[in-house]
Amino acid sequence: MSGKSKSGKPIRVGIAGLGTVGAGVIKILTAQADLLSARAGCPIVIGGVSARSKDQDRGVDLSAYPWFDDCLDMAASDDIDLVMELIGGEEGVARSLVQTALENGKHVVTANKALLAHHGVELARLAETKGVVLAYEAAVAGGIPVIKGLREGLTANRIDRMVAILNGTCNFVLSLMEDEGVSFDAAVKQAQDVGFAEADPTTDIGGFDAAHKLAILASIAFGTRVNFDAVDIQGIDSITAEDIEAAKELGYRIKLIAAAQRLDGGCLQRVQPALVPLAHPLALVSGGGNAIHLEGDWVGAVEFGGPGAGEGPTASAVVADTVDIARGLDVPVFGIPVDDLVAENASAEDTSQTAFYLRFQMADQKGTIAAVTGLLAENDISIETMIQRPERDHVEGANMPVIVITYPSTRQALTKAINAIEETGIVASRPHVIRVESL
């Protein structure tokens, strides 16, 4: 099925979910109707809308559009050519809606990263079987066209590595902690007050939102099946104002980094806080911005950056996908046909070397630092920098933080050294470890 005909017949879209993004889509389709028609080669008209409540004020006039109490009825309607799934969630109505639309030969545009991270292969196979398009630019990095860039602009390249900031909430919180010197809890509260963080911020702060997006990008970049379970996920809730201050003093910023790279026998996917050198492009991403650094074998390093969320950027991406479908563009969901996607080896071991930031809490007593550095050396961990940071009201003999930046080593060697240090009892708790991201 093609959303566009030679006669320029309109493509009729059904919008399910009328929250911030759904309302934004209606605003764009209304305000830009003539421009979009010229670019798509046919008018894009709203053939139906659906949401949980019909009477809620959404800041847009819905009176001109057919209302569907059940979005599944809209997905099966002969009066709809393309369904926009803007409900969210990996299961329930959102999943049923996309399946129903595809099964009925409708194109689908979605902003649902959780759905694709968990069920992307299944849905992509269904789209291929039915000969329709499943598009999802808005699911990753909001208004930044990184999906299109990977699948089309960089198709001549083998991508070996990507490093990205994919969650605006975490970036906003970490930026606040650095700029205003506030605690993690205070920064999260401010993020909630201005609408950057949900009442329950766990999905963002815990790293799960970024992991959903990374799993999708890694599939496109490496030609593997989406495997959310293979992502090593660590959130930012362990980051303290002390870490932020120490990183700044050492020439770094702390960011929640989503990274993926090819390894022998598979690929590595991780979402973790990391110290990013101030000279790295990702260090310049402030507030709620997103950015993606990709390395291709022919093009070299490529940077994508911009607003990663919000009504305008996300709705813009949804409408852009719709225009592509109206034009007749049909690209495999993850860049290559589903049957050609490789089953990723999630057990591939990371033997790469990187520097690490270590924060110890140890007694201010003679010989403790020497003992720690000695055990690090015995386990082939060399120290590049060390900082002792006693508190203003520090009492001699009490625990104090000691910050260490190591020279590059493997994570396995570092873990062995930390275990040996813990066994001695000379540190008050297990050292806090943060990866140092290389340029």
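Visitor: Why is Phe172 called buried?

Guide: Phe172 has a relative accessible area of 15%. Buried means under 20%, exposed means over 50%, and partly exposed is the range in between (1.4 Å probe, protein chains only). Phe172 is therefore buried. The model is a predicted one, in which local features need pLDDT of at least 70 and side-chain atom pairs count only at pLDDT 80 or more, while totals for chains, interfaces and linings use all residues. Residues are numbered from 1 along each chain as its sequence is written, and side-chain values use heavy atoms, with hydrogens and water left out.

Visitor: Why does Phe196 count as partly exposed?

Guide: Its relative accessibility is 35%, so Phe196 counts as partly exposed.

Visitor: How many aromatic pairs does the structure hold, and what makes the pair of Tyr136 and Phe334 tilted?

Guide: The structure holds two aromatic pairs. Rings of Phe, Tyr and Trp (its six-membered ring) pair if their centres lie within 6.5 Å; planes under 30 degrees apart count as stacked, over 60 as edge-to-face, and the rest as tilted. The ring centres of Tyr136 and Phe334 are 5.9 Å apart and their planes stand at 45 degrees, so this pair is tilted. The pair links distant parts of the chain, 198 residues apart: Tyr136 is in the loop between β5 (134-135) and α6 (146-153), and Phe334 in the loop between α12 (311-327) and β12 (355-363). Here helices (H or I, at least four residues) and strands (E, at least two) are DSSP runs, numbered from the N terminus. Both Tyr136 and Phe334 are buried.

Visitor: What is the geometry of the pair of Phe172 and Phe196?

Guide: Phe172 and Phe196 are 4.3 Å apart, centre to centre, with 20 degrees between the planes, and the pair is stacked. Phe172 lies in helix α7 (residues 168-180) and Phe196 in the loop between α8 (184-193) and α9 (202-205), so the pair ties together parts 24 residues apart in sequence.

Visitor: How do you know whether Ala141 is buried or exposed?

Guide: Ala141 has a relative accessibility of 1%, so Ala141 counts as buried. Ala141 is placed in the loop between β5 and α6, and its phi is near 65 degrees, a positive value in a residue other than glycine. Most residues other than glycine have a negative phi.

Visitor: And why is Asp380 called exposed?

Guide: Asp380 has a relative accessible area of 65%, and is therefore exposed. Asp380 lies in the loop between α13 (368-378) and β13 (383-388).
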